[in-house]
Amino acid sequence: MRPFCYARPNDLSEALSLLVEHGPDARVLAGGTDVLVRLRLGHMKPRIVVDVKHIGELRADIVETEGCLRIGARAVMTDIIADHRIRRRFPALVEAAAVVGSVQIRNRATLAGNISNASPAADTAPVLLAYGATVNVIASSGPRLVPVHEFFIGPGRTVLGPGELVESIDLPIASYKTGAAFGRVTRRRGVDLATINVCCLVTESRRVRFAFGAVGPRPFVVEDDLSAVALAEGDIGALTGGSSRASQEAALDRLLAQSTPISDVRASRDYRVAMLSVMSRRALDAATDRLRLAGT
Amino acid sequence: MVPAAIPITLVVNGRQHALDVRPHHTLLEALRDQMGLTGTKECCSEGECGACTVLLDGRAVTSCLVLAVEAAGAEVVTIEGLAAGGRLDRLQQSFIDAGAVQCGFCIPGMIMAAKYLLMTNPHPSVDEIQNGLAGNLCRCGGYSRIIGAVASAARSER
């Protein structure tokens with residue numbers, strides 16, 4: 001690794017002033033599971049690495065607040081997976097966080113780092129998009145709220161400016177019944193980046209939301225009246241079969257057509273298109289099952 | 001400009017150590033090159049293979065993805081720490097008994113990952129063992145016996 005300086009600020013103002021002072025020469029270090037790889041490969045050449053794990057204001061826990069579960073910037077995947085409130089209310093996030101890297105990676109990697117890294121293939125991104133999460137961003141000029149669908153700009157790029165940090169991520173607790181599920185395709189069971197990933201969320205008001213990763217320059221979300229089409233004639237079961245199947249298929253295909261996958265080292269474009277269809281239907285089925293269970 | 005070394009203290013295998021570490025050196029490098037604990041192996045250097053797995057404050061991590069300076073004040077357990085009293089850990093013994101060691105290079109990481117698995121889940125299913133070791137690669141392909149050895153160690157604990 002190329003040499004760099006290391007700073008371990010204990011409070012937010014110190015951290016933010018370091019980031020402002022060094023601008024593009026500074027890199028934020030949280031769990032380090034992406035940053036250290038990129039430092040070693042020379043993809044990042046910071047003069048200073050700012051370790052944010054000792055900043056008192058950044059929390060490592062998950063708290064319930066104002067109709068949300070708030071996940072602190074220092075919370076690691078292992079703790080998110082184990083949290084009983086996340087497991088009960090946001091099972092798709094558990095599914096996604098549980099397949100990030102390996103046990104060793106999940107013991108270090110933070111959710112805030114996963115989204116700040118802005119990989120188009122980040123497993124937690126589609127889930128946060130489907131659940132309509134909000135990113136609490138902190139800067140020396142003060143805090144701001146960024147809906148997660150506005151957070152990602154492109155590969156490796158977010159709306160975070162120099163001197164801005166993710167402070168926490170809010171998952172809104174829906175006042176209505178929902179069901180959501182996550183799925184992905186990888187080549188290896190552990191430690192692989194997703195070839196594609198998808199999260200589907202269905203609501204009792206019969207909306208369907210799909211969020212996709214690795215099929216475009218950034219993770220993105222689409223929403224439609226698919227369920228209204230599918231459910232107009234019957235109960236929730238109609239979503240996965242019955243007379244509305246054809247219209248449901250057509251509506252789903254329209255949603256999937258919004259993806260723009262490319263060919264790369266992990267898969268060809270054609271394979272991604274085909275698997276997106278398969279995984280979306282599976283996620284829809286699983287989400288529908290969960291909505292049905294939530295209704296009983 | 002060469003950034004100065006940073007003095008840190010940490011506990012490794014129950015013993016307090018004081019070191020001066022360069023900011024860009026990893027915990028893995030500090031363990032192997034500064035403390036002489038070469039049981040922890042370097043292989044892929046990007047968190048894919050698990051050969052460098054150690055326990056950091058009770059959690060399995062790949063020490064190639066942790067800066068040495070990040071371990072300041074932490075407690076680290078390496079493969080050497082498992083047999084600290086001169087007696088093999090039950091996992092080490094069951095790896096030997098099961099013939100789970102071929103070339104041996106992945107084994108320290110495998111055992112540390114398995115140690116963490118049994119700390120957090122004392123009686124794992126085969127599926128849970130596979131998941132617990134999913135971050136550890138064995139180029140000899142000895143997975144079947146490795147998983148058997150972990151299952152056997154878990155049984156011997158009952």
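Biologist: In this predicted model, how many residues of domain 2 of chain A are in contact with domain 3 of chain A?

Modeller: Happy to start there. The domain assignment of chain A places domain 2 at 62-172 and domain 3 at 178-294, and their C-alpha centres lie 21 Å apart. Domain 3 of chain A brings 24 residues to the contact, and the number from domain 2 of chain A is 23.

Biologist: Which element gives the largest share of the side of domain 2 of chain A that touches domain 3 of chain A?

Modeller: The elements with two or more residues there are helix H5 (91-97), helix H8 (124-131) and strand S8 (152-154) of chain A. By class, that side of domain 2 of chain A has 17 nonpolar, four polar and two charged residues. The largest share, six residues, comes from H8(A).

Biologist: Why does the radius of gyration of chain A agree with that of a compact globule?

Modeller: The C-alpha trace of chain A spans about 65 × 45 × 30 Å along its principal axes, and buried residues make up 49% of the chain. For 296 residues, a compact globule would have a radius of gyration near 19 Å, so chain A agrees with its value of 20 Å.

Biologist: Which residue in the turn between S13(A) and S14(A) has a positive phi?

Modeller: Strand S13 (residues 208-213) and strand S14 (residues 220-224) of chain A run antiparallel, joined by five bridges. Within the pair, Ala211(A) stands opposite Val221(A). The two strands form a hairpin with six residues between them, and the turn residue with a positive phi, of about 65°, is Ala214(A).

Biologist: Turning to the two chains, how many residues of chain B are in contact with chain A?

Modeller: Chain A puts 22 residues into this contact with chain B. On the chain B side, the number is 26.

Biologist: And inside chain B, which element gives the most to the side of domain 1 that touches domain 2?

Modeller: The assignment gives domain 1 (6-82) and domain 2 (90-157) in chain B, and their contact takes 14 residues from domain 1 and 13 residues from domain 2. Strand S3 (53-56), strand S4 (59-62) and helix H2 (79-82) of chain B each give two or more residues to the domain 1 side. With three residues, the element that gives the most is S3(B).

Biologist: One last thing: which residue just after H1(B) takes a positive phi?

Modeller: Helix H1 (residues 27-34) of chain B has Leu27(B), Leu28(B), Glu29(B), Ala30(B) and Leu31(B) as its buried residues. Strand S2 (15-21) of chain B is part of what covers them. Just after the helix, the residue with a positive phi, of about 70°, is Gly36(B).

Notes: Residues numbered from 1 in each chain as written. Chains lettered and ligands numbered in written order. Predicted model: local features only at pLDDT ≥ 70, side-chain atom pairs only at ≥ 80, totals over all residues. Buried ≥ 20, exposed ≤ 12 C-beta atoms within 10 Å, placed from the backbone. Helix = DSSP H or I, 4+ residues; strand = E, 2+ residues; numbered from the N terminus. Contact = placed C-beta atoms within 7 Å. Pairing = 2+ DSSP bridges. Rg over C-alpha atoms; globule rule 2.2 N^0.38 Å. Domains from an automatic or database assignment. Nonpolar A, V, L, I, M, F, W, Y, C, P; charged D, E, K, R; others polar.
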